[in-house]
Amino acid sequence: MTRAADAAREVLLAEPRGFCAGVDRAIEIVERALKKFGPPIYVRHEIVHNTFVVNDLKAKGAIFIDELAEVPPGATVVFSAHGVSRAVQEEARARGFSVFDATCPLVTKVHVEVAKLAREGYEFIMIGHKGHPEVEGTMGQLDGGIHLVEDVADVARIQPAQTEKLAIVTQTTLSVDDAAEIMAAVRARFPAIRQPKQQDICYATQNRQDAVKIMSPQVDVVIVVGSPTSSNSNRLAELARKLGVPSYMVDNAGELKPQWLEGRTRVGITAGASAPEVLVQEVVARIRDFGGVAVRRLHGVEETVKFPLPKGLKL
């Protein structure tokens with residue numbers, strides 16, 4: 001093994017990084033349901049997009065499923081933090097499950113806005129990634145009249161039935177800069193489009209991207225701790241590369257390659273909003289194994305957001 005000690009001398013930790021309030025809440029909902037009702041608790045889709053978190057909850061008795069047909073009658077079901085379509089909610093009711101909704105309240109805010117404006121006759125353009133559970137959940141609030149755009153090129157292709165009442169919504173975990181670029185293209189084509197009062201991209205996604213912007217000029221390489229399925233983790237790695245810094249994403253410390261650190265004296269580390277701090281500390285420990293390093297936390301926004309739990313989970 002090449003000794004990265006020849007390289008890494010300092011590790012800079014981005015602030016904030018890791019768990020956001022929505023992820024904290026979602027995990028706590030599953031853990032409380034397991035304690036209160038006993039295993040198994042069925043969770044539709046990954047509760048959050050992180051392998052470590054999902055495996056930890058599996059070990060405690062959570063069973064992750066893709067379709068409600070896989071759930072036995074009378075079971076307790078948790079919807080993931082990404083949200084679900086109206087059809088899934090109705091199916092759960094029809095099957096008589098006891099349901100706890102772990103949808104992030106910031107995603108729910110988008111769902112509520114879509115339903116309200118749809119009643120007023122609006123059609124929608126949604127900026128997001130096709131196939132992502134959050135996008136499926138938001139688009140699934142309506143039977144139609146919501147058009148997905150993934151990039152600027154898509155904006156020219158969409159054909160709303162009318163343009164007098166048109167509104168825009170976004171996935172909450174997008175690149176802030178990419179979303180702004182697509183939003184500008186949408187506004188150029190549909191100048192009268194209605195925008196959300198507050199941006200849909202969540203505070204945690206924005207803060208973690210801002211922290212990478214502050215950290216990147218100070219380091220030679222950026223390591224993002226996050227799972228491949230995590231949208232916001234992928235955006236952090238992309239952002240560092242756009243800023244001209246080599247960036248690698250790892251699901252855990254075992255994926256860290258010493259050659260990434262060769263000839264690089266300062267290593268920046270951040271973590272997506274669904275990645276637990278224990279994984280960050282394991283990555284730091286592995287870099288230390290490669291050679292002695294000092295660890296420094298960068299100053300950043302302090303997050304104090306906390307979301308209430310659904311009723312019925314008091315222990």
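Two strands pair if DSSP finds at least two bridges between them. Strands (E, at least two residues) and helices (H or I, at least four) are DSSP runs, numbered from the N terminus.

This is a predicted model: local features need pLDDT of at least 70, side-chain atom pairs count only at pLDDT 80 or more, and totals for chains, interfaces and linings use all residues. Residues are numbered from 1 along each chain as its sequence is written, and side-chain values use heavy atoms, without hydrogens and water.

**The sheet.** Extend to β6 (residues 123-127), which pairs with β7 in the parallel sense over four bridges.

Now show the three-strand open sheet, parallel, in the order β7-β6-β8. β7 (146-149) and β8 (166-170) are its edges; each has a single partner strand, so one side of each lacks a neighbour in the sheet. Neighbouring strands are turned by 25° against each other on average, direction ignored.

**The helices on it.** Next, select α7 (residues 176-189), which lies across β6, β7 and β8 at about 150° to β6. Axes are lines fitted to C-alpha atoms, for helices over the stretch in contact; angles run from 0 to 180 degrees between N-to-C directions.

**The core.** A nonpolar core joins buried Ala, Val, Leu, Ile, Met, Phe, Trp, Tyr and Cys residues through side-chain atoms within 4.5 Å; buried means under 20% relative accessible area (1.4 Å probe, protein chains only). The largest has 30 residues; those with the most contacts inside it include Val30, Val48 and Phe64. α1 gives the most, eight residues.

Notes. Buried means under 20% relative accessible area, exposed over 50%, partly exposed in between (1.4 Å probe, protein chains only). Contact means heavy atoms within 4.5 Å.
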